[in-house]
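Colleague: Hi, could you walk me through this model? I'd like to begin with the ligand.

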Amino acid sequence: MYELLIVLDKELQTSLNRQIYEQIRKAIFQGVLHHGDVIPSTRLLAEQLQVSRSVVIQAYEQLQSEGYLIMKKGAGTYIAENAANENNSRQEATQKVNNYDIFTNASHIVSVVNSPPIVSDEQQNSAVFDFRYGVPSWEAFPMDRWQKVLAEACRKATPDILGGYGPAEGSYRLRKEIARLLRSTRAIPAVPDQIIITAGATQALDMISRLFLKNGDRVIVEDPAHPVLRETFCFAGGNVVSVPVDEEGLRVQDIEPIINEQNGNHGDVKLIYVTPSHQFPAGMTMSQQRRIELLDYANKNNTYIIEDDYDSEYRYVGQKVSALAGLDSSGRVIYVGSFSKSLFPGLRIGYAVMPASLIKSFLAIKCITNRMTPTLEQEALAEFIASGQYARHVNGMGKLYGARRSCLVQSLHRHFQDRVTAYGDEAGLHLLIQLKTEVTEELIADKALQCGVKVYPASEYFVISKPKTASFLLGYANMTEFQIERGVELLAQAEEQCTRNIEQEAVPKVI
Ligand SMILES: Cc1ncc(COP(=O)(O)O)c(C=O)c1O
């Protein structure tokens, strides 16, 4: 049962029951109250408004007689189905939003940044087999152990931790544990003071952009890259310069000619964004030679490098590679990490390892964005890492994902033979695949969805040169081997049907 905000003015000439009637009716027409919304009983509303119950009864009966309300014994009082023409009230609301454009940056924002779709409860994903990338296995997550550390964090919470505004940089215990992890697993000589906890890598990247960029400053971004990355930099005023990658990672040798071609100045390059451990989305690992060249370029041109190490926990082939930040002796690399892939994205905990000289300004930005990251989860995570459960979990997931990755690669080759090339299968939670086919990726993705499998077209990730044939990102971490095999089989059937349709359309019709 909802509370209903109604304000009565006893000084008005209008009777109290009329005021209640009018305010509920207005709420229906403004789209504040929708069909099916339950409103308080006459007794509760009378208590809330401190009026006699008969006043509310009169208002409700009037609304009921006009078809706005349904009052049913046992089911309560709720808004009737055709109480308002919902379309009209929605249109009215949209109109209002559009009018606000005059006063806000709304149209600028939508020209730079893609709004995510708003998904209602009714819009269920219809795909049975969803190759969604960037998500870890949900069913294998040790929820019972996570609940224990969370409950322990609640039990141990002190006024410092929960009762006030804690440190903007985050829990000291968590930063200490992260520093330890980074030293042992990524060869980064980090100390807790350099680590600032953020709401995922996303917030760290946004804050770094705000720290470094003024209108027109250049940001070198790997091509391909996540479109959201380009949007983040553009939104902060940056001028994104896409530089291609090859099998060794970012083509550092191309930066100079590309900037020169744009009549740019290397002094305007304020940031370089890279994913050296597992290029997103193409999947290669940056070679040692390129790492050295990149650090040289940054030093020579007084620019900073963002190392986004979003999924380096999972490597299936060869030795684990150390982080670029571990090679950096001049404080040019800002390392960004996240627990979204190793634990779960809804945790929203990531962090940035900042050079000492930038910590104060970075914290100032953190304070004005969300002040601090939720504290209970930070304490729970610190305990999860300190007790060794995090390392055990990552180790176990590595084995599970390794098996799923092999299953995906084998299924792809079984169904597409030499018509498929898979990139980036050495590490991470996804593959980039390219099919030798005449059919566009949109047609294949649509047909696949009709067959019950969801795949993710990859062209939008590329700027300079789009893939010549249909390419997809396939996440495999959150699918069982059965789902992977069946999903690939259906994808192959979808592609075959599309090819057949095209061939039939190409046959000249005999009249
Ligand atoms: C390359 C890359 N960087 C950063 C992120 C953001 O991660 P977070 O959930 O920590 O904000 C993602 C998310 O999938 C990603 O793919």
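Colleague: What classes of residue make up the shell around the ligand?

Modeller: By class, the shell has 8 polar, 4 nonpolar and 1 charged residues. Here Ala, Val, Leu, Ile, Met, Phe, Trp, Tyr, Cys and Pro count as nonpolar, Asp, Glu, Lys and Arg as charged, and the others, Gly among them, as polar. Bear in mind that this is a predicted model, where local features need pLDDT of at least 70 and side-chain atom pairs count only at pLDDT 80 or more, while totals for chains, interfaces and linings use all residues. Residues are numbered from 1 along each chain as its sequence is written.

Colleague: Which residues come nearest to the ligand?

Modeller: Gly200, Ala201, Thr202, Ser338 and Ser340 come nearest, out of 13 residues around the ligand. A residue counts as near if its C-beta atom, placed from the backbone, lies within 6 Å of the molecule.

Colleague: And which helix gives the most to that shell?

Modeller: Helix α9, residues 200-212, gives the most, with 3 residues. Helices (H or I, at least four residues) and strands (E, at least two) are DSSP runs, numbered from the N terminus.

Colleague: Switching topic, what is the strand order in the open sheet of 3 strands?

Modeller: The order is β1-β3-β2, with antiparallel pairing; two strands pair if DSSP finds at least two bridges between them. The edge strands, pairing on one side only, are β1 (38-39) and β2 (69-72).

Colleague: How many bridges link β1 and β3?

Modeller: There are 2 bridges between β1 and β3 (residues 76-79). Valine 38 stands opposite tyrosine 78 in β3.
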